[in-house]
Amino acid sequence: MAPTALLEGANLRKTYRLGRDTTVEALRGVDVRIEPGEMVAIMGPSGSGKSTLMHILGLLHAPDLNHGPRPELRFEGRDIVALSDAERTRIRARRMGFVFQDFNLVPTLTALENVMLACDYAGVRGPAARTASRGALDLVGLAGRGDHRPVELSGGEQQRVAIARALVNRPSLVLADEPTGNLDSERSAEVLALLRRFNREHGQTFVLVTHDAEVGAACDRVVRMRDGRVRDQAPVALATPVDLSPRVAAVA
Ligand SMILES: Nc1ncnc2c1ncn2[C@@H]1O[C@H](COP(=O)(O)OP(=O)(O)OP(=O)(O)O)[C@@H](O)[C@H]1O
Ligand SMILES: [Mg+2]
């Protein structure tokens, strides 16, 4: 038997009803499997269903239940299709972290308070929450910025606060929708390196929706979508940087 996937979905469909006779089939039956410790990119043209899939995998939205084969969705070996909203919220708060393109920080709170909010949702409060949040800000290189509000931070710094918030409860899965979409290439590379480091050092699993080929190339595998379906989910060739030093030495 194959080892348990961290996240496994089958027959995932999502249809949006826009009017009495108009519907959009955002997902037309997707099967996807994410292994523990993987870093996976979801890529594809605009409107192909990437965010819809991410929202379903992150338990933010439910897949359609009313037509087609019954959808399946398992997280950490547990069937989550039939869970109540309260149970789904609980799993999301404690076991998952989210990063979005526009950072989604609360503007009236400081960086530290924004991170502490995620602790609060997970039921961690008081000094334990403060210590964990300080630690998370430290890990993303923002130890000195805890008292700044989002408006007093650069875009790259705001995204790092959002990453600290996503990681503070040590989730097994981090889902990110265009995490580098609003950043210039240098800031984007920093954020990517940070995510890759957490993936390698803490074994956390990342699923990143991205338009950026460089982000895709830095991942272990790319799930390519088109028209609400998965077209391909091949491993990224040469995901580990090739060591060129012997050749360099030979040339020298
Ligand atoms: N709430 C909604 N109501 C109606 N249609 C929606 C809704 N959300 C998404 N859609 C439609 O579903 C399809 C897939 O949307 P989705 O947001 O998943 O695409 P995407 O691949 O993330 O695109 P992008 O790269 O532009 O973010 C699109 O045709 C979109 O218009
Ligand atoms: Mg999208």
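The following is a working chat about the predicted model shown above.

Me: What kind of model is this, and how are residues and chains labelled?
Reply: This is a predicted model, in which local features need pLDDT of at least 70, side-chain atom pairs count only at pLDDT 80 or more, and totals for chains, interfaces and linings use all residues. Residues are numbered from 1 along each chain as its sequence is written, while chains are lettered from A and ligands numbered from 1 in the order in which they are written.

Me: How many helices and strands does the chain have?
Reply: The chain has 8 helices and 10 strands; these are DSSP runs numbered from the N terminus, with helices being H or I of at least four residues and strands being E of at least two. The radius of gyration is 19 Å, close to the 18 Å that the globule rule gives for 252 residues, so the chain is as compact as a globular protein of that length. That radius is taken over C-alpha atoms, and the globule rule is 2.2 Å times the number of residues to the power 0.38. Along its principal axes the C-alpha trace spans about 60 × 55 × 40 Å.

Me: What share of the residues is buried?
Reply: Of the 252 residues, 40% count as buried. A residue is buried if 20 or more other C-beta atoms lie within 10 Å of its own, exposed if 12 or fewer, and partly exposed in between, with C-beta atoms placed from the backbone.

Me: Which residues have the most contacts inside the largest nonpolar core?
Reply: They are Ile 42, Val 115, Ala 164, Leu 175 and Val 207, in a core of 64 residues. Such a core is a set of buried Ala, Val, Leu, Ile, Met, Phe, Trp, Tyr and Cys residues joined through C-beta atoms within 7 Å.

Me: And what does Val 115 touch?
Reply: Not counting residues up to four places away in sequence, Val 115 touches Ser 133, Ala 136, Leu 137, Val 161, Ala 164, Arg 165 and Val 168. Contact here means that the C-beta atoms of two residues, placed from the backbone, lie within 7 Å.

Me: Changing topic: which residues are around ligand 1?
Reply: They are Tyr 16, Leu 18, Val 24, Ala 26, Gly 44, Ser 46, Gly 47, Ser 48, Gly 49, Lys 50, Ser 51 and Thr 52. The criterion is a C-beta atom, placed from the backbone, within 6 Å of the molecule. By class, the shell has 4 nonpolar, 7 polar and 1 charged residues. Ala, Val, Leu, Ile, Met, Phe, Trp, Tyr, Cys and Pro count as nonpolar, Asp, Glu, Lys and Arg as charged, and the others, Gly among them, as polar.

Me: Which element gives the largest share of that shell?
Reply: Helix α1 does, with 3 residues. Both β2 (23–34) and α1 (50–57) supply at least two residues each.

Me: Is α1 mostly covered or mostly open?
Reply: Helix α1 is mostly covered, with 7 of its 8 residues buried. The buried ones are Lys 50, Thr 52, Leu 53, Met 54, His 55, Ile 56 and Leu 57. Their cover includes β1 (7–17), β2, β3 (39–43), β7, β8 (205–209) and β9. After α1 comes Leu 59, with a positive phi near 60°.

Me: What is the strand order in the open sheet of 4 strands?
Reply: The order is β2-β1-β4-β5, with antiparallel pairing, where two strands pair if DSSP finds at least two bridges between them. The edge strands are β2 and β5 (78–79), each pairing on one side only. Strand β4 (residues 72–75) joins β5 over 2 bridges, and Phe 75 has Arg 78 as its bridge partner in β5.

Me: How many bridges join β9 to β10?
Reply: There are 3 bridges between β9 (residues 221–226) and β10 (residues 229–232), which run antiparallel. Met 225 stands opposite Val 230. The hairpin has 2 residues between the strands, and Asp 227 takes a positive phi near 50° there.

Me: Where is Gly 216, and what is it in contact with?
Reply: Gly 216 is in helix α7 (residues 213–217). Leaving aside neighbours within four places in sequence, Gly 216 is in contact with Ala 41, Met 43, Thr 210 and Val 222. Gly 216 counts as partly exposed because it has 19 C-beta neighbours inside 10 Å.

Me: Last one: why does Arg 70 count as exposed?
Reply: Arg 70 is exposed because 9 other C-beta atoms lie within 10 Å. Arg 70 is in the loop between α1 and β4.
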